[in-house]
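Me: I have a structure to work through for class. Could you help me go over it step by step?

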Amino acid sequence: MSQIPFAWVPAGGGRHVSEDRRPSGRTQFPEGQVVSTLCGQALEAREGELAWLWWTCPECDTRAREIVGAPPRRDTESQA
Ligand SMILES: [Zn+2]
């Protein structure tokens, strides 16, 4: 499995993407860690099942897709 250089992180009421380093051995950011997101915010990470149901930040989604070379998500491309 290739190493993706970012991680999804529930923070600030949404699911964002961050390229910050995670603590070794962890696939997610620990609760309370301030992470810088691809949409340019600094937010406190949250853990827990409910947090993963938050909305997906469209800017982070778009940038994450650019990083891995995936096509943009069609159903949210109303601005482009
Ligand atoms: Zn974001």
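Me: Let us begin with Thr-56. Which strand is it in?
Reply: Please keep in mind that this is a predicted model. Thr-56 lies in strand E5, which covers residues 55-56.

Me: What does the side chain of Thr-56 make a polar contact with?
Reply: Its partner is the side chain of Arg-15, and the distance of this polar contact is 2.5 Å.

Me: And which residues is Thr-56 in contact with, leaving aside neighbours within four places in sequence?
Reply: There are contacts with Trp-8, Arg-15, Asp-61 and Arg-73.

Me: Now the metal. Which residues coordinate the zinc ion?
Reply: The zinc ion is held by ND1 of His-16 and by the SG atoms of Cys-39, Cys-57 and Cys-60, at 2.0 to 2.4 Å. Along the chain, these donors follow the spacing H-x22-C-x17-C-x2-C.

Me: Where do Cys-39 and Cys-60 sit?
Reply: Cys-39 is in the loop between strand E3 (34-36) and strand E4 (42-44), while Cys-60 belongs to helix H1 (residues 58-68). The pair is 21 residues apart and links distant parts of the chain.

Me: Are Cys-39 and Cys-60 buried or exposed?
Reply: Both Cys-39 and Cys-60 are buried.

Me: Why is the arrangement around the zinc ion tetrahedral?
Reply: The arrangement counts as tetrahedral because the angles subtended by the four donor atoms are 103 to 121 degrees, and the criterion requires all angles to lie between 85 and 135 degrees. For four tetrahedral donors, the ideal angle is 109.5 degrees.

Me: How much of the chain is buried?
Reply: Of the 80 residues in the chain, 29% are buried. The accessible surface is about 5500 Å², and carbon and sulfur atoms account for 50% of this surface.

Me: What about strand E1: how many of its residues are buried?
Reply: Four of the five residues in strand E1 (residues 7-11) are buried, and the strand is thus described as mostly covered.

Me: How do E1 and E2 pair?
Reply: E1 and strand E2 (residues 14-18) pair in the antiparallel sense, over five bridges. Ala-11, for example, has Gly-14 in E2 as its bridge partner.

Me: And which residue of that hairpin takes a positive phi?
Reply: That residue is Gly-12, with a phi near 60 degrees; the hairpin of E1 and E2 has two residues between its strands.

Methods. Residues numbered from 1 in each chain as written. Predicted model: local features only at pLDDT ≥ 70, side-chain atom pairs only at ≥ 80, totals over all residues. Heavy atoms only, no water. Polar contact = N/O pair within 3.5 Å; in protein donor to acceptor, adjacent residues only side chain to side chain. Contact = heavy atoms within 4.5 Å. Donors = N, O, S within 2.8 Å, 3.2 Å for Na, K, Ca; no water. Tetrahedral: all angles 85-135°; square planar, octahedral: opposite > 155°, others 65-115°. Buried < 20%, exposed > 50% of the residue type's maximum accessible area, 1.4 Å probe, protein only. Areas by Shrake-Rupley, 256 points an atom, 1.4 Å probe, with all protein chains shown as cover. Pairing = 2+ DSSP bridges.
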